[in-house]
Amino acid sequence: MNKLPPYPIIAREGWPILTGLAVVALLFYWVIDWDFLGHVFLLLFLFSFQFFRDPVRELPLDERAVVSPVDGRVCKVERAQDPVTGEEALKISIFMNVFNVHSQKAPVSGTVETVRYTPGTFVNADLDKASTENERNAVTVRMDDGRRITFVQVAGLVARRILCYTQEGDRLERGQRYGFIRFGSRVDVFLPTDAEVKVTIGDKVTGVLSTIARI
């Protein structure tokens, strides 16, 4: 396994929320002396703490492995059209619930060719139409061998914020953190049609650790 560079165990996206909840909980416990509301905000703090966790993962040694960009459940494996390149592709969709790690990692290494944000609705990310109707952000990477792979952050019913930290021209390494979605969502990965898919619908995958395909 290859060790990835270290980053905060609690995602920085959650720092302001966790700080605010902690302050409010302490205010109700010790200043206002309303223990019931203190308990409520403490529970919210604990929920947010587990939601924003971002554990360090190790890459598989197989250089041909396409790693899962997120933790979650595989909800689609099918042929589809790449929404950015227009090419025929194999689509693997991974649905995240509120208990999964929500930071996104690059499934392959390469140069970012396109970053395309599309506004939209916020239907349940587990539904088929979420890929075409929901708010989403697509990143297309050109690998060193010239092949292109697109991975799309899709907002969900509760998710209202898609964050992407890469831009055109950047170099992304496999397993590198590039984005985050709050709260509950989905990622679609569009692969070349000759990719060897290693997952089926219903499989649970772990970001970076799980291989979803080989190319």
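Ser 93 is buried, with a relative accessible area of 0%. This residue of the predicted model sits in strand E5, which covers residues 88-96. Two polar contacts involve the side chain of Ser 93. One, of 3.2 Å, joins it to the side chain of Arg 186. Another, of 2.6 Å, runs between the side chains of Ser 93 and Asp 188.

The protein as a whole was then examined. Its secondary structure comes to three helices and 16 strands. Of its 215 residues, 48% count as buried. The protein exposes about 10,200 Å², and carbon and sulfur atoms supply 59% of that area. Contacts were also sorted by distance along the chain. Among contacts with a separation of 6 or more, 72% are between residues 24 or more positions apart.

Helix H1 was considered next. H1 has 17 residues. From its first C-alpha to its last, H1 reaches 23 Å. This is close to the 24 Å expected at 1.5 Å a residue. Four residues of H1, namely Leu 18, Leu 21, Ala 25 and Phe 28, are buried. Seen down the axis, the buried residues of H1 fall within an arc of 100°, so they line one face of the helix. These buried residues pack against H2. On the other side of H1, Pro 16, Val 23, Trp 30 and Val 31 are exposed.

Aromatic rings were searched for across the whole structure. A pair of aromatic rings is described by the distance of the centres and the angle of the planes. The search finds two aromatic pairs. Phe 28 and Phe 41 form a stacked pair. Their ring centres are 5.5 Å apart, with 20° between the planes. Phe 28 lies in helix H1 (residues 15-31) and Phe 41 in helix H2 (residues 35-51), so the pair ties together parts that are 13 residues apart in sequence. Phe 28 is buried, with a relative accessible area of 12%. Phe 41 has a relative accessible area of 21%, so it counts as partly exposed, because buried means under 20%.

The other pair brings together Phe 151 and Tyr 178. The ring centres of Phe 151 and Tyr 178 are 5.2 Å apart and the planes stand at 70°, so this pair is edge-to-face. It links distant parts of the chain. Phe 151 is in strand E9 (residues 148-154), while Tyr 178 is in strand E12 (residues 177-182). The two residues are 27 residues apart. Phe 151 is buried, with a relative accessible area of 0%. Tyr 178 is buried too, and its relative accessible area is 0%.

Strand E12 also holds Gly 179. Gly 179 is buried, with a relative accessible area of 0%. Gly 179 and Tyr 165 are 14 residues apart in sequence. In space, 5.6 Å separates them, C-alpha to C-alpha.

Terms used
Residues numbered from 1 in each chain as written. Predicted model: local features only at pLDDT ≥ 70, side-chain atom pairs only at ≥ 80, totals over all residues. Heavy atoms only, no water. Buried < 20%, exposed > 50% of the residue type's maximum accessible area, 1.4 Å probe, protein only. Contact = heavy atoms within 4.5 Å. Areas by Shrake-Rupley, 256 points an atom, 1.4 Å probe, with all protein chains shown as cover. Phe/Tyr/Trp six-rings, centres within 6.5 Å; stacked < 30°, edge-to-face > 60°. Expected span 1.5 Å × (residues − 1). Arc of directions from axis to C-beta. Polar contact = N/O pair within 3.5 Å; in protein donor to acceptor, adjacent residues only side chain to side chain.
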